Amino acid sequence: MFDILDMEIWIGLIALTALLYLIKFIQGRSKRTVYRISSESLQRSKQVMLKVLPLVENVETDSELLDDRRLPFPKDNIKSAAKILAYYYWKQDQQTELARVKNVFISLSRFQDVDLGLEDQARRLSSEKKRLTREFEYYITHSPFSTGRGFKCTQPRT
């Protein structure tokens with residue numbers, strides 16, 4: 001008697017789990033992600049990049065350490081602006097500008113706290129550079145605009 005009851009419970013749990021996964025699958029298929037970039041956020045992102053570009057592009061070597069206090073904005077704000085511009089330039093098919101934005105995003109690793117020792121700064125530079133490279137690549141490859149499978153992308157009004 002207990003074997004039958006035990007088997008009925010397991011069959012019921014497996015059937016319920018399968019039903020819940022089916023419902024989750026059906027709901028996930030019908031979602032659409034819509035990215036909208038407002039003209040204000042685009043202009044603000046361009047202003048941020050225009051202030052950061054001279055700091056990044058006028059450096060001779062890739063491994064040169066710079067003082068993080070020279071940045072006009074916090075690193076997180078610059079990263080957000082770079083992601084907005086990366087999306088916009090990808091949508092406009094401006095590969096050179098997209099490469100410049102990627103360079104700025106990854107070059108943020110050069111800006112380190114000068115109060116730390118040189119070894120600590122160099123260690124942070126290498127680990128942050130790897131992390132920022134992975135973060136940017138993940139953003140580009142996992143954003144809906146890069147797949148092209150039924151996603152609607154709207155352009156900002158100019």
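Mentor: Helices (H or I, at least four residues) and strands (E, at least two) are DSSP runs, numbered from the N terminus. This is a predicted model, so local features need pLDDT of at least 70 and side-chain atom pairs count only at pLDDT 80 or more, while totals for chains, interfaces and linings use all residues. Residues are numbered from 1 along each chain as its sequence is written, and side-chain values use heavy atoms, with hydrogens and water left out.

Trainee: Okay, how many helices and strands does the protein have?

Mentor: Five helices and four strands. Along the sequence they follow the pattern α-β-α-β-α-α-β-α-β.

Trainee: Which residues make the nonpolar surface patch?

Mentor: Leu 16, Leu 19, Leu 20, Leu 22, Ile 23, Phe 25 and Ile 26, covering about 670 Å². Areas come from the Shrake-Rupley method with a 1.4 Å probe, and for residues only the protein chains shown count as cover. Patches are made of residues with over 30% relative accessible area and no salt bridge; like charges are joined within 9 Å, nonpolar side chains (Val, Leu, Ile, Met, Phe, Trp, Tyr) within 5 Å.

Trainee: Switching topic: how many salt bridges are there?

Mentor: The count comes to ten, taking a side-chain nitrogen of Lys or Arg within 4 Å of a carboxyl oxygen of Asp or Glu. One of them pairs Arg 100 with Glu 57, with the closest N and O atoms 3.0 Å apart. That pair links distant parts of the chain, with Arg 100 in helix 4 and Glu 57 in helix 2 (residues 39-57), 43 residues apart.

Trainee: What does Glu 135 form a salt bridge with?

Mentor: Lys 83, at 3.2 Å between the closest N and O atoms. Glu 135 lies in helix 5 and Lys 83 in helix 3 (residues 75-91), so the pair ties together parts 52 residues apart in sequence.

Trainee: And which helix holds Glu 128 and Arg 131?

Mentor: Both lie in helix 5, three residues apart, about one turn of the helix. Salt bridges that share partners join Lys 75, Asp 76, Lys 79, Lys 83, Glu 128, Arg 131 and Glu 135 into one network.
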